[in-house]
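Me: I would like to go through this model feature by feature. Please give the general idea each time, then the case at hand.

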Amino acid sequence: MLFDAADYDAHEAVHFASDAASGLQAIIAVHSTHLGPAAGGCRWWTYADDAAALTDALRLSRGMSYKNAMAGLPMGGGKAVILKGAPKTEEMLEAFGSAIDGLGGRYVTAEDVGMSDADMTVIARRTRHVSGLPVAGGAAGGNPGPSTAEGVFVGMRAAVRHKLGRDLAGTHVAVQGLGSVGHALVRKLAAAGAKLSVADIDEARAARVADEVGATLVDNAAIMTVAADVFSPNALGAILTEFSIARLDVAVVAGAANNQLATPADGARVAARGILYAPDYVINAGGIINVATEYLGSGDAAGVAAQIARIEGRLADIFAEADASGRATDAVADAMARKLIGRG
Ligand code: NAD
């Protein structure tokens, strides 16, 4: 079943980890170690079934190969998912740490949805192949959310400049998801003078953040159809479908959510509507730049900031290439990434 799975892309290895005592059930997918250790966060999530969890791990790990390559990092791509079932205890996280350690450094974990930097500290009791630990000010590392938000901010600036020929001041951005990334992002956008419409499935959080940044609160079910300049998805993936793309009322899609395109055909659908899509794994690389720098011990916060700033130029290159070649932006980015990981 695995080798025929739609999202299986000659992944180097897929590991299934379980621990009866703590109830751990995890999948660790190693897509590519061509450029270095397979790096990518761990997601703690409820899946419809095991096959859905596997699909998520396969897709997310391939995305990490592309993301790390396009971020210019000496790291491959991997991802882990822990199936939400038994409560997330220290024992479970330690067992997960042991499973990672058994891979001998071929996979390096970090935070993703449902995981915190405190969880990383527990995992680190059993393995050193973990990043995103809490850090002192000035050092690289820690919660990657704010770094991701910074990358999305400069990437959105590139997209708005390319598509609309303007700056973010006065640009209307509809933001879906106000968690670690979305909250930091709307603070930056508000400071830059953007007009904001926001929504989150957690209505209390949405109301709190809207109040804090002076945004218009939108019903979560309506955020993707708001008439705005930019739609910024910062919740979960697969939100750009044939159905939702037809209803978008924006010029740009630029946000942090992983795997925004539900199917490979959806990138072309967005382009056909004249909407500029900032490929997710290029624009959301700020967090991985931060955690990779921490893990590799290759720089400080200033170095991380300089690398994140390059996301703006990288996206401008992709947009220009898409215009020149008539291809959708996701196809241009994928081709660039596959070349970098030796699969071009
Ligand atoms: P988070 O868990 O901190 O926040 C997610 C937010 O989205 C929460 O406020 C949640 O209530 C909300 N949400 C969930 N489902 C929703 C729905 N259906 N509609 C509207 N809101 C919904 O996660 P995060 O770290 O902010 O990450 C957000 C997205 O960005 C994820 O797709 C993640 O994979 C991606 N991403 C995150 C990072 C990072 O550094 N944290 C890096 C790259 C990509």
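Me: Where is Glu212 found?
Reply: Helices and strands here are DSSP runs (helices H or I, at least four residues; strands E, at least two), numbered from the N terminus. Glu212 is found in helix H6. This is a predicted model, in which local features need pLDDT of at least 70 and side-chain atom pairs count only at pLDDT 80 or more, while totals for chains, interfaces and linings use all residues. Residues are numbered from 1 along each chain as its sequence is written, and side-chain values use heavy atoms, with hydrogens and water left out.

Me: Is Glu212 buried or exposed, or partly exposed?
Reply: Buried means under 20% relative accessible area, exposed means over 50%, and partly exposed is in between (1.4 Å probe, protein chains only). Glu212 has a relative accessible area of 41%, so the residue is partly exposed.

Me: Which residues does Glu212 touch, not counting residues up to four places away in sequence?
Reply: Contact means heavy atoms within 4.5 Å. On that basis Glu212 touches His183 and Arg187. As for Ala302, 90 residues apart from Glu212 along the chain, the two C-alpha atoms are separated by 28 Å.

Me: How do the axes of H5 and H6 cross?
Reply: Two packed helices are described by the angle between their axes and the distance between the axes. Axes are lines fitted to C-alpha atoms, for helices over the stretch in contact, and angles run from 0 to 180 degrees between N-to-C directions. For helix H5 (residues 180–191) and helix H6 (residues 203–213), the axes come within 10 Å and cross at roughly 20 degrees. H5 is therefore roughly parallel to H6. The classes are: under 35 degrees roughly parallel, over 145 roughly antiparallel, 65 to 115 roughly perpendicular, and the rest oblique.

Me: Is the crossing of H5 and H6 left-handed or right-handed?
Reply: A crossing is left-handed if the near helix is turned anticlockwise from the far one by less than a right angle, and right-handed if clockwise. H5 and H6 cross in the right-handed sense.

Me: Which residues in H5 and H6 meet?
Reply: From H5 come His183, Val186, Arg187 and Ala190, and these meet Val209, Glu212 and Val213 in H6. Sorted by class, the contact of H5 with H6 has four nonpolar, one polar and two charged residues. Here Ala, Val, Leu, Ile, Met, Phe, Trp, Tyr, Cys and Pro count as nonpolar, Asp, Glu, Lys and Arg as charged, and the others, Gly among them, as polar.

Me: At what angle do H4 and H5 pack?
Reply: Helix H4 (residues 145–164) packs with H5 at an angle of about 50 degrees, and their axes are 8 Å apart. That makes H4 oblique to H5. The crossing of H4 past H5 is right-handed.

Me: Which residues in H4 and H5 meet?
Reply: H4 brings Gly145, Pro146, Thr148, Ala149, Glu150, Val152, Phe153 and Met156, which meet Ser180, Val181, Ala184, Leu185, Lys188 and Leu189 in H5. By class, the contact of H4 with H5 has nine nonpolar, three polar and two charged residues.

Me: Where is Ile308, and which residues does Ile308 touch?
Reply: Ile308 is in helix H11 (residues 301–325). With a relative accessible area of 3%, Ile308 is buried. Not counting residues up to four places away in sequence, Ile308 touches Ser147, Glu150, Gly151, Val154, Gly286 and Ile289.

Me: Where does UniProt place the feature "active site"?
Reply: UniProt positions are given in the numbering used here, feature names are shortened, and annotations may be inferred rather than shown by experiment. The UniProt record, an unreviewed entry, places "active site" at Lys79. Lys79 is in strand S5 (residues 76–83) and is buried, with a relative accessible area of 2%. Leaving aside neighbours within four places in sequence, Lys79 has contacts including Ile27, Gly40, Ser61, Tyr107, Asp112 and Asn258.

Me: What is the phi of Ala238?
Reply: Ala238 has a positive phi of about 55 degrees although it is not a glycine. Ala238 is found in the loop between strand S10 (230–233) and helix H7 (242–247).
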